[in-house]
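Dear colleague,

Here is the structure I said I would pass on. My notes on it follow below.

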Amino acid sequence: MRMPLRGLLLSLPAALAILAAAAGSADARRAPPASSYHAVPAASPQGIAHPADPGPGPLKIPNAALEPAGWDDLDGWAGDDHARAFATFYASCRPIVRANAFRAESAHVHAVRGRPVHPASPVPSSLPGDARPIRPALEQVCARAVTAGRLEPEAARRFFETNFVPLRIRKLGDSAGFVTGYYEPIVDGSRFPTREFTVPLYRRPHDLVAPGVPDGGPFPNTGRALRRTASGELVPYYDRGEIEDGALDGQHLEICWLRSATEALFIQIQGSARVRLEDGALLRINYDAHNGYSYVPVGRVLIERNLVAREEMSMQRIREWMHDHPEEAKDVRRQNRSVVFFRIVGLNDDTEAIGAQGIPLSAGRSIAVDKALHVYGTPFFIEADLPLASSGSQSFRRTMIAQDTGSAIVGPARADLYFGAGDEAGRVAGRIRQPGRFAILLPREIDPSAAGARMPLPPDKPVPGMVAAAQPSQHAAAPPNTAPEEPRHPRRYRR
């Protein structure tokens with residue numbers, strides 16, 4: 001039975017209210033009928049029900065519109081490679097389960113040592129300060145996934161359909177979500193500067209600080225970054241032009257040298273790379289810090305200056321233009337004042353890039369999402385028509401797992417698709433800038449009726465004849481605007 005309000009543009013409270021009023025079905029692949037829905041804990045593969053952890057409160061995704069969906073409503077769901085999707089989900093679940101076990105062990109140790117731990121209090125399953133109920137619910141699903149181990153395609157499909165509920169998601173006011181692509185560059189380089197390799201990649205400078213971050217601590221990928229002078233004063237850090245002109249010379253921060261500033265720029269945009277050194281060794285580098293300036297896409301600069309047509313724009317087209325116009329390219333690059341610093345994460349390691357969740361990404365299955373809104377390990381089903389080949393669009397209908405983030409990735413239905421490493425992956429990723437439909441797979445442990453129960457009832461309908469008396473005076477002050485429009489965030493680097 002199709003939902004009576006299918007197709008309406010729903011805000012989050014409205015969508016959750018509909019879910020609260022909808023009924024469950026024995027067939028997990030069907031959208032529930034519109035009566036008396038009650039979420040029940042999903043059974044484990046052995047059929048043992050796990051009690052639901054209600055978490056800190058109902059699901060809240062700011063600035064998101066949600067719409068109930070059934071599995072049959074997801075175009076291409078039945079034809080997806082569910083075994084591969086589950087393998088990627090399983091990879092995300094392992095560190096989640098380990099972290100939960102570590103927290104449980106820590107709580108036990110504290111109790112043994114006599115620290116005040118209430119015996120009836122459950123071990124907190126979400127990270128401190130994280131009020132999103134999807135995290136503890138996802139932890140319970142992950143525990144079942146780790147227990148299940150490797151699954152064949154049909155069993156993997158049943159796992160998703162048993163443990164999750166699909167929910168269409170998009171940004172309020174938008175008709176669809178938006179996807180881009182990213183990859184890990186593989187470039188040639190040298191440990192030392194030579195005639196061929198003249199452009200350095202830098203590690204994090206010692207005088208670079210982020211407010212509120214201890215020295216040497218993990219550096220955020222957004223926000224302010226400052227330079228601490230010899231006198232202890234904090235001032236803005238050097239921008240791209242100053243660094244290219246030698247502001248960091250003599251500090252011995254160079255990790256390696258590349259052939260061109262364009263290669264360095266694209267590695268900074270992607271956030272990681274493999275550098276093939278002169279002796280054949282493969283150096284793995286990853287994001288470590290940034291200099292505090294907002295990222296300005298060089299493609300936008302080229303379009304605004306009428307140097308490249310908008311319809312021609314891609315990463316490959318930017319590379320070609322910069323190669324053909326080296327002097328003009330210097331000024332275009334410097335319009336993007338932001339610079340990324342790196343750290344070495346491996347040598348002769350040919351595994352996939354490490355995402356922000358701390359695990360290797362899966363080409364074609366991992367996505368970067370807005371980490372302020374979504375939890376790592378959350379599955380999304382994405383429907384889009386993408387230029388995966390050099391000519392024409394191809395159908396892209398896949399379950400993708402949130403395993404990475406990026407400061408340019410902002411919004412509830414915004415994803416960067418990871419395509420792997422190397423030139424071919426880069427060519428594909430560089431063509432991806434398309435709309436797409438998103439469905440978040442919500443753990444069934446989250447009872448949407450919790451949100452509906454908290455929604456206030458509408459005011460009583462006024463009695464005829466009393467409406468005029470209830471009208472405010474024309475001199476009365478207008479109520480304040482309690483819901484200002486949320487400001488847009490500037491695009492920034494991925495990680």
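Beyond its neighbours within four places in sequence, Pro205 is in contact with Tyr237, Leu253 and Phe341, where contact means heavy atoms within 4.5 Å. This is a predicted model, in which local features need pLDDT of at least 70 and side-chain atom pairs count only at pLDDT 80 or more, while totals for chains, interfaces and linings use all residues. Residues are numbered from 1 along each chain as its sequence is written, and side-chain values use heavy atoms, with hydrogens and water left out.

Pro205 sits in the loop between β5 (199–202) and β6 (208–209); strands (E, at least two residues) and helices (H or I, at least four) are DSSP runs, numbered from the N terminus. Its relative accessibility is 2%, so Pro205 counts as buried. Buried means under 20% relative accessible area, exposed over 50%, and partly exposed in between (1.4 Å probe, protein chains only). From the C-alpha atom of Pro205 to that of His290, 85 residues apart along the chain, the separation is 9.9 Å.

On the cysteines: there is one disulfide, taken as a pair of cysteine sulfur atoms within 2.5 Å. Cys93 and Cys142 form this bond, with S to S at 2.2 Å. Cys93 belongs to helix α2 (residues 82–112) and Cys142 to helix α3 (residues 134–148), so the bond ties together parts that are 49 residues apart in sequence. The S-S torsion is about -65°, and the disulfide is therefore left-handed. Both Cys93 and Cys142 are buried. Cys256 is buried as well, at 0% relative accessible area.

Regards
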